[in-house]
Amino acid sequence: MGLASRKLVAVVGKGGVGKTVVGAALAVALSRRGRRTLVAMVNARDRLSGMLEVPRIGRGNVAVGPWIDAVNLHPEAALEEFGIMTLRSRLLYRLVFENRLVRPFLSGVPGLGAWAMLGKATYHALQTDRDGRPRYDTVILDCPATGHAVAMLALPRTISRIVRAGPLARDAEERAALLADPERTVALPVARLEEMIVNETAELVARLRADAAMRADAMVVNCVSPVRFDAEELARLDRPGPDPDAAAIADAAWAAVRRAEREDAQRRRLERLVPLPSVELPLLDAGRIRMQELQR
């Protein structure tokens, strides 16, 4: 079963591995198939708007391209919107959540903001119109870094174990079922071929299965160095000649070769620790990723 058939794709990984780039590229790919897609960032620095070449993405769902919407989830805004979705009344929301006696209590509840942001994202994954048609075919959740992502995605199971009745219990059970259903939801780990990231990716996949009952069918290996030299060219690098510029170029070339060798070693470790099919994406200039690079 491919990513295009899922209702929710949670893009996960260590900070800095390129989750937003992968999520944006996936949204572009899905939109080309005519799938209405929502990219939901989790209280993130907005890099997505630059990649898609659109105005800044805020706290409300906004169209950013053909078949693509995006939102930057914020705890307070998500709490309000998810509260209204749950209570089905803005007036009732204000009476409960904006009560001056209740608000200080809510601000001290651990995990409430994460629950609201996850609640809004999963609400859109489940949302249908009056005719039963989905508003979005796929929601791509651009998750926070590893530890925060696992804690957030495990919240529905945690809440459903603690709260046994009422709207909160119902919503938690519904979302726990969504996250654990491999036909509707999948985790998409993003890794790089570096030792610490390989270790953390293996731990992440295991924790998602144990804590959130979520599985990964495949992973993305990002920022892979290109193969630059064949055997004949490597032999020539050993003989750069007396020109100091040529020697400097040869040193830079050998640095690239050594980087590729280190990546090969980490690729073997990753294949052993995380035995999933993988897709490798090329190393790009992180400061200049725009639509053309996403299409690549």
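## Burial classes

Buried means under 20% relative accessible area, while exposed means over 50%. The model is predicted. R267, at 19% relative accessibility, counts as buried because the cut-off for that class is under 20%.

## Salt bridges

The structure holds 14 salt bridges. In one of them, the side chains of R267 and E280 meet with an N to O distance of 2.6 Å. R267 belongs to helix α11 (residues 244-273) and E280 to strand β8 (residues 278-282), so this pair ties together parts 13 residues apart in sequence. E280 is partly exposed, at 37% relative accessible area.

R6 and D217 form another salt bridge, at 2.5 Å from N to O. The two residues are 211 apart and link distant parts of the chain: R6 sits in the segment before β1, and D217 in the loop between α9 and β7. R6 is buried at 1% relative accessible area, whereas D217 is partly exposed at 23%. R215 joins R6 and D217 in a network of salt bridges. D131 and R133 also pair, with their closest N and O atoms 3.1 Å apart; both residues are exposed.

## Nonpolar cores

The largest nonpolar core has 37 residues, and the members that touch the most others are V39, L48, I140, L270 and L294. Elements that each supply at least two residues include β1 (8-12), β2 (37-42), α2 (48-52) and α9 (195-212). Helix α1 gives the largest share, seven residues.

Beyond its neighbours within four places in sequence, L48 is in contact with T20, A24, V39, M41, I57 and A70. A second, separate core of 28 residues has A40, V42, L118 and L141 among its members.

Definitions and conventions: Residues numbered from 1 in each chain as written. Predicted model: local features only at pLDDT ≥ 70, side-chain atom pairs only at ≥ 80, totals over all residues. Heavy atoms only, no water. Core = buried A, V, L, I, M, F, W, Y, C linked by side-chain atoms within 4.5 Å. Buried < 20%, exposed > 50% of the residue type's maximum accessible area, 1.4 Å probe, protein only. Helix = DSSP H or I, 4+ residues; strand = E, 2+ residues; numbered from the N terminus. Contact = heavy atoms within 4.5 Å. Salt bridge = Lys/Arg side-chain N within 4 Å of Asp/Glu carboxyl O.
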